[in-house]
Structures are given as structure tokens and as C-alpha cells.
Amino acid sequence: MLNRTLIISVFIVASCGLAYELIAGALSSYLLGDSILQFSSIIGSYLFAMGIGAHLSKYVKDEDALARFIDIELLVGLIGGLSALFLFVVFAWAAAPFRTVLYALVLIIGILVGMEIPLVMRVLNLRETDFKEMVSKVLTFDYLGALAVSLLFPLVLAPRLGMSRTALLFGVLNAAVAFLATHIFRRELPGYRKIHVRSTVVLTLLITAFVFANKVTYWAEQSYFGDPIVYTTTTPYQRIVITRWQDDTRLFLNGNLQFSSKDEHRYHEALVLPAMEASPQARHILVLGGGDGLAVREILKYPQVESITLVDLDPAMTQLFTTSADLSELNRQSLSNPKVQVINDDAGKWIETNRQVYDLIIVDLPDPSNFALGKLYSVPMYRQLSRSLSDHGYMVVQSTSPYFAPRAYWCIVETLKTAGFTTWPYHAYVPSFGEWGYVLVSKAQPFTPPERYSVPARFLNGYTTRLMFDFPPDMQAMEVQPNYLNTQALVNYFEADWNNSIR
């Protein structure tokens with residue numbers, strides 16, 4: 001019975017330890033939009049700290065091993081459980097020290113978790129368990145716990161509970177292990193009553209925090225975004241936040257602004273209308289990304305369009321912009337139009353199996369801030385898209401800012417050229433973003449910027465269009481490398497450019 005209790009504790013300990021690591025990495029990505037380098041450095045720091053903890057465990061005396069294990073469980077539950085909530089508050093209060101606090105928490109939790117497993121093994125060994133069997137069981141349950149949480153965290157817990165409550169749930173599990181161990185081993189624990197009181201207080205505190213976590217998180221996000229939050233949800237793919245102040249509705253994904261209803265018409269008209277005017281024969285259109293339906297809205301202005309296929313990863317996104325009265329009014333019910341087919345899938349995987357040819361392709365994917373997104377801006381991806389584009393068709397790629405991220409922008413241009421396209425880079429000023437870049441391409445079809453538009457436009461006319469295709473001296477082309485999967489030069493350019501722009 002005693003050994004079984006400790007082995008089950010190992011499973012829970014491993015699950016909770018990995019969960020805190022995943023939550024730290026996810027929060028870093030959610031709140032800072034960090035690259036995979038940031039995520040991997042968190043994992044490395046955590047594993048390094050576990051090594052320190054394992055080393056420190058040798059200084060615990062054998063007779064104190066069980067009591068210290070319980071104390072460490074309580075500390076891990078308290079610090080790890082409250083970590084996400086605390087990080088949200090820190091980010092809302094002052095974003096600058098967020099990384100310092102994040103890594104400090106990762107190191108503290110890693111050290112504590114690193115001490116847990118050696119202490120459990122010592123407790124088991126003191127009970128005359130066969131050493132080989134004991135090591136086998138402990139490590140087996142350790143790895144099984146890691147597998148369980150690595151699946152549950154992204155698929156079930158984070159989407160349904162959110163970051164803060166997920167961390168608190170694992171904190172409660174840690175504290176419950178300590179509470180249970182205190183009760184079962186009460187006859188062997190010196191100072192049992194004090195340990196029992198500590199475990200009861202920690203468990204009660206964590207359960208209380210779990211109940212009120214959403215209110216604290218809402219306050220923290222409200223402080224960060226400024227405008228009143230009218231909708232939030234966490235999906236397996238991203239954190240969606242909608243804010244509204246008077247007549248300005250804003251969409252944030254993982255803390256990054258995607259559009260403001262005050263000026264989104266500039267972005268989407270520039271993305272869609274020049275290519276549509278050059279494609280009077282366009283009947284079948286493909287849109288990758290753009291789950292808000294705003295690019296589709298612009299395409300539907302043209303009566304000759306017969307079908308639009310929208311491929312967006314997150315079903316929660318397309319569902320929100322289909323069913324919400326305010327948001328569907330913004331996109332003019334475009335996602336409910338009978339000409340539109342919505343497919344929720346990874347754009348890179350979907351295009352590999354697609355066999356249909358389109359007259360126009362609009363690539364409105366998120367910026368290449370990490371390697372997973374960077375592959376969607378690579379030479380192999382664009383060559384696959386070339387197979388889905390008709391010989392007389394055009395493709396447009398949103399391409400980050402040529403002013404704030406010039407090397408990233410011109411890397412996208414160079415990548416498209418390497419993939420075999422003729423390119424026409426252009427840019428537009430969107431007040432919410434600043435100067436924003438696009439690239440229009442074709443296989444061999446010539447292109448001339450339109451002098452007038454056959455559909456209503458709030459921003460574009462012949463004059464503003466000519467300006468878009470003219471780059472001033474501070475946004476001229478740069479010599480850069482194309483983006484291949486094995487090098488991911490674009491992600492490195494993107495991260496370096498944006499880091500320099502905010503200094």
C-alpha cells in the first residue's frame with residue numbers, strides 16, 4: 001500500500017512538473033509572441049534546474065526524506081499552481097520584467113521538481129524494495145506521467161480551463177499528493193501536525209485561487225489591452241481576445257493585434273483588390289488564413305466570382321466570425337455566403353493534397369514568428385502553391401512590414417522568386433500597424449497596377465495604388481537569403497528585425 005501510494009505520486013509529480021514547463025512556454029508565446037528559440041530555452045532552463053535539484057537532494061538526510069518530499073510537493077504546488085496567474089498580473093502591470101520573472105519561476109520549479117523523484121526513490125529504497133524493480137517502476141511512471149500531460153495539456157486542459165486554471169489544477173494535484181502522503185505516513189512523520197496544517201492551508205489556498213482565477217486573469221488582460229474585453233477564449237491553437245471601445249472593434253491573437261475595425265479596410269483592400277482588378281477572369285479563389293472573413297468580404301465584391309475556398313486552422317475562429325452578430329456584420333456575413341467553403345485545416349498539409357487549380361490565391365497567414373509558421377513562407381510551400389495556381393492567375397502574400405522588418409519582408413520576396421514566380425512587391429500604410437507589406441506574384445502573367453477600381457473602395461484609387469508599388473529610400477530592397485525549410489532564414493530575420501525596431 002505504501003509503495004503503491006509513492007509510485008502513484010511519481011506519476012502525478014511527473015505530470016505536474018512537465019505541465020508547469022509547458023505552461024511557461026505557452027505563456028511566453030501567448031503574451032510575447034516569442035519564437036521557438038524562446039520556447040526551447042525555457043525547456044533547457046527547466047531541465048538544467050532539474051539537474052541542480054537532483055544534486056541538492058543528496059544533502060537531505062535519509063530520515064528526513066519523506067518529510068522533505070512532502071514539503072517540496074507543497075512548494076511545487078503553491079509556486080507552480082500560482083505561476084500562470086502571477087505571470088498574467090506581472091505582464092499587465094509592467095511587461096518589461098516578464099521574462100526575468102518567467103525564467104526565475106522556471107528555475108525555482110525545476111529545482112524543486114528535480115528533488116522530488118530522487119527523494120521518492122530513497123523513501124522506497126529505505127523500505128527494502130528491490131532496487132532494480134524500484135528504479136524500473138519509478139522511471140516508468142515518470143515517463144507515463146509526462147506522456148499523459150503532454151497530450152492532455154494542449155488537447156483538453158488549456159482550451160477548456162485556460163492557462164491560469166490549468167496551472168492551478170496541477171498545483172492542487174501536487175498539494176493533494178502532499179496531503180495524502182501526510183495522512184498515510186502520519187505515524188512515521190515527526191512534526192506530523194505542523195505538516196498536516198501546512199498541506200491543508202496550501203490545498204485550500206489553491207482551490208480558492210482556482211475558483212477566482214478567471215476574474216484575476218480577466219482583470220490582467222483588461223489592464224493590458226486597455227479597451228473593454230467583450231470576448232475571450234483559449235483554443236488548442238491560440239488565445240482569441242476581442243475588445244471594443246465605442247465603434248472600434250479589435251481582434252488579438254496570442255496578444256498580437258490582428259485588425260482594428262477603424263482601419264482594417266486599408267489592409268484588406270490592399271491585400272485583395274489590386275489582384276482582383278488584374279484578374280477579371282477569376283472565378284475560383286483560394287484564401288489561406290483570413291479566418292475573420294474580411295479578405296473574403298473584399299473578394300465577394302466581384303460578381304464574377306463563383307467559389308471561394310477558405311482554409312483556416314482554427315474552427316473556433318471561423319465559427320466566431322460566422323455566428324457573432326457584430327463580427328459577421330463587419331465581414332458582411334461573408335463566411336455564410338453560399339459561394340464560400342470553409343475548411344478548418346493546416347494550410348501546409350491541406351495544400352499538399354489539394355488537386356484543384358485556382359485563378360487567384362490570397363495568402364493571409366500570421367507573420368513568420370516561429371518555425372511552424374516559417375515553413376508556410378518557404379520555397380517548398382510556394383512551389384506547392386504554384387501547382388494550385390492557374391497559368392494566367394495571380395497570388396498575393398501578406399509579408400509583414402518592409403519598414404519595421406525589412407530583411408524579413410525582402411526574404412519573402414526572394415523566396416517567391418526562388419520558387420519560380422515573377423514578383424511585384426508593394427506596401428500600404430495601415431495606422432494600427434504602420435507600413436505593411438505584400439507581394440503580388442504570377443507564373444508568367446504580366447501585371448500593371450490598376451488606375452481605377454470597378455468596385456467600391458474606401459482607401460484605394462489610382463493614386464494610392466501607384467504609391468503602394470513605389471518604395472521610398474528607407475524601404476528599398478535588401479540582399480537576403482531565400483527561406484528554405486532546413487535553414488529557416490526568414491524566422492531569424494523576422495525576430496532580429498522586430499527586436500531591433502522596438503529598441
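**View 1. The loop holding Gln-488, between helix H15 and helix H16, in a predicted model**. Gln-488 is found in the loop that runs between helix H15 (462–468) and helix H16 (489–501), where helices (H or I, at least four residues) and strands (E, at least two) are DSSP runs numbered from the N terminus. Its phi is near 50°, a positive value in a residue other than glycine. Gln-488 counts as buried because its relative accessibility is 7%; buried means under 20% relative accessible area, exposed over 50% and partly exposed in between, with a 1.4 Å probe and protein chains only. This is a predicted model, in which local features need pLDDT of at least 70 and side-chain atom pairs count only at pLDDT 80 or more, while totals for chains, interfaces and linings use all residues. Residues are numbered from 1 along each chain as its sequence is written, and side-chain values use heavy atoms, with hydrogens and water left out.

**View 2. The loop holding Arg-332, between helix H10 and strand S7**. Arg-332 has its place in the loop between helix H10 (325–330) and S7, and its phi is near 55°, again a positive value in a residue other than glycine. Arg-332 is exposed, because its relative accessible area is 54%.

**View 3. Positions annotated as "binding site"**. In an unreviewed entry, UniProt places this feature at Gln-238, Asp-312, Asp-346 and Ala-347; the positions are given in the numbering used here, feature names are shortened, and annotations may be inferred rather than shown by experiment. Gln-238 lies in the loop between strand S1 (229–234) and strand S2 (239–245) and is buried, with a relative accessible area of 13%. Asp-346 is found in the loop between strand S7 (340–344) and helix H11 (347–353), and at 18% relative accessibility Asp-346 also counts as buried. The side chain of Asp-346 reaches the backbone nitrogen of Gly-348 at 3.0 Å.

**View 4. Aromatic pairs, with Phe-259 and Phe-321 as one example**. A search of the whole structure finds 16 aromatic pairs, where rings of Phe, Tyr and Trp (its six-membered ring) pair if their centres lie within 6.5 Å, and planes under 30 degrees apart count as stacked, over 60 as edge-to-face and the rest as tilted. The rings of Phe-259 and Phe-321 have centres 6.1 Å apart and planes at 70°, so this pair is edge-to-face. The pair links distant parts of the chain, with Phe-259 in strand S4 (residues 256–260) and Phe-321 in helix H9 (residues 315–323), 62 residues apart. Both Phe-259 and Phe-321 are buried.

**View 5. The ring pair of Tyr-267 and Phe-433**. The ring centres of Tyr-267 and Phe-433 lie 6.3 Å apart and the planes stand at 85°, so this pair too is edge-to-face. Distant parts of the chain are linked here, since Tyr-267 is in helix H7 (residues 264–277) and Phe-433 is in the loop between strand S10 (422–430) and strand S11 (434–442), 166 residues apart. Tyr-267 counts as buried at 8% relative accessibility, and Phe-433 counts as buried at 19%.

**View 6. Gln-398 and its surroundings**. Gln-398 lies in strand S9 (residues 389–398) and counts as buried, with a relative accessibility of 3%. The side chain of Gln-398 makes a polar contact of 3.2 Å with the side chain of Tyr-377; a polar contact is a pair of N or O atoms within 3.5 Å, of which, within protein, one must be able to donate a hydrogen and the other to accept it, and residues adjacent in sequence count only if both atoms are side-chain atoms. Not counting residues up to four places away in sequence, Gln-398 touches several residues, among them Tyr-267, Leu-271, Asp-364, Tyr-377 and Trp-436, contact meaning heavy atoms within 4.5 Å.

**View 7. Spans annotated as "transmembrane region", and a charge over a ring**. The UniProt annotation, from an unreviewed entry, covers several spans, including residues 101–120 and 167–185. Residues 101–120 are 100% helix and 0% strand, and their end C-alpha atoms lie 29 Å apart, while residues 167–185 are 95% helix and 0% strand, with end C-alpha atoms 27 Å apart. The charged end of Arg-165 sits over the ring of Phe-210, 4.2 Å from its centre, a description that applies if NZ of Lys or CZ of Arg is within 6 Å of the ring centre and within 35 degrees of the ring normal.
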